[in-house]
Amino acid sequence: MLFQVRDLHVSYGNIRAVRGVSFEVDKGEIVTLIGANGAGKSTILNTIAGLQAPDSGTITYQDEPIAGIPAHKIVERGMVLVPEGRRIFGNLSVYENLRLAGFRLDEPVLKQRLSDALKRFPQLESRQHQRADTLSGGEQQMLAVGRALVTGGDMMLLDEPSMGLAPILVREIFNILKNINRDGKTILLVEQNAHQALRLADRTYVLETGVVTLSGRSADLIQNADVQKAYLGG
């Protein structure tokens with residue numbers, strides 16, 4: 001087991017956003033968290049990534065506890081967040097965004113990762129000297145994912161990668177994630193597009209108001225009548 005959350009509780013003041021959530025991710029898996037707005041999905045990712053302090057519970061990555069440690073230390077241990085809304089540096093070029101993601105790396109390693117990222121995203125390679133805020137929404141999402149690849153690590157956390165994208169671009173982004181996973185990256189995905197998330201992920205956890213209410217193999221849950229009614233328009 002690569003990653004595990006046990007009995008996680010997170011609050012914002014008097015609001016209990018996450019209430020006793022437990023789940024796990026095996027090495028090489030894609031696991032997704034689905035649920036309505038306000039279910040606690042992004043809060044869980046932000047807590048894992050060190051951006052939000054938990055009230056209680058344990059988070060273990062590669063057999064080491066990481067709950068409550070600073071975000072940059074979690075990145076150093078090999079876990080990288082692709083945040084909701086991309087959060088790219090719009091006034092920097094595509095290449096500068098990617099290079100900044102690897103500022104801690106030795107130059108030969110950085111150059112190789114930059115080359116690999118640009119080859120994976122031909123759209124970015126042809127625009128590498130263009131300001132990032134002039135890219136389309138899909139290209140900006142590719143840049144956010146490419147930035148995480150340059151940073152490196154074994155596990156990638158993705159928060160709503162399809163947000164605001166046209167359906168054809170959503171399919172392209174999810175195909176990219178599938179290929180990244182095939183190349184060895186473990187993925188924990190938070191996603192509103194339940195159709196795409198269930199098709200992509202090996203396993204799924206369904207959240208409602210901060211609690212896991214259902215979990216299992218995605219292939220099974222996509223046939224579940226409650227899941228179909230709540231999230232798939234069935």
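Which residue in β4 does Arg-6 stand opposite? Select Arg-6 and look across to β4: the residue there is Thr-58. Keep in mind that this is a predicted model.

**Stop 1: the strands**

Now widen the selection to residues 3-12, strand β1, and residues 56-61, strand β4. The two strands run antiparallel and are paired over 5 bridges. Show the side chains. In a regular strand they alternate between the two faces of the sheet.

Pick Tyr-61, then find Glu-64 in β5: Glu-64 is the bridge partner of Tyr-61.

Stay here for the turn. β4 and β5 make a hairpin, with 2 residues between the strands. Click Gln-62 in that turn; Gln-62 has a positive phi of about 50 degrees.

**Stop 2: the largest pocket**

Select Val-75, Val-80, Leu-81, Arg-147 and Thr-151. Of the 34 residues lining the largest pocket, these are the closest to its centre. The volume of this pocket is about 850 Å³.

Now colour the elements around the pocket. Helices α1 (41-48), α2 (71-76), α3 (94-101) and α6 (137-151) each give at least two residues to the lining. Which element supplies the largest share of the lining? Select α2: 5 lining residues come from this helix.

Last, colour the lining by residue class. There are 18 nonpolar residues, 9 polar and 7 charged.

Notes
Residues are numbered from 1 along each chain as its sequence is written. This is a predicted model: local features need pLDDT of at least 70, side-chain atom pairs count only at pLDDT 80 or more; totals for chains, interfaces and linings use all residues. Side-chain values use heavy atoms; hydrogens and water are left out. On a 1 Å grid over the protein atoms alone, a cavity is a set of points where a 1.4 Å probe fits but cannot get out, and a pocket is an open set with protein on both sides within 12 Å along at least five of seven lines; lining residues have an atom within 4 Å of a point. Grid points are joined across faces, edges and corners, and a volume is the space filled by probe spheres set on the points. Helices (H or I, at least four residues) and strands (E, at least two) are DSSP runs, numbered from the N terminus. Ala, Val, Leu, Ile, Met, Phe, Trp, Tyr, Cys and Pro count as nonpolar, Asp, Glu, Lys and Arg as charged, and the others, Gly among them, as polar. Two strands pair if DSSP finds at least two bridges between them.
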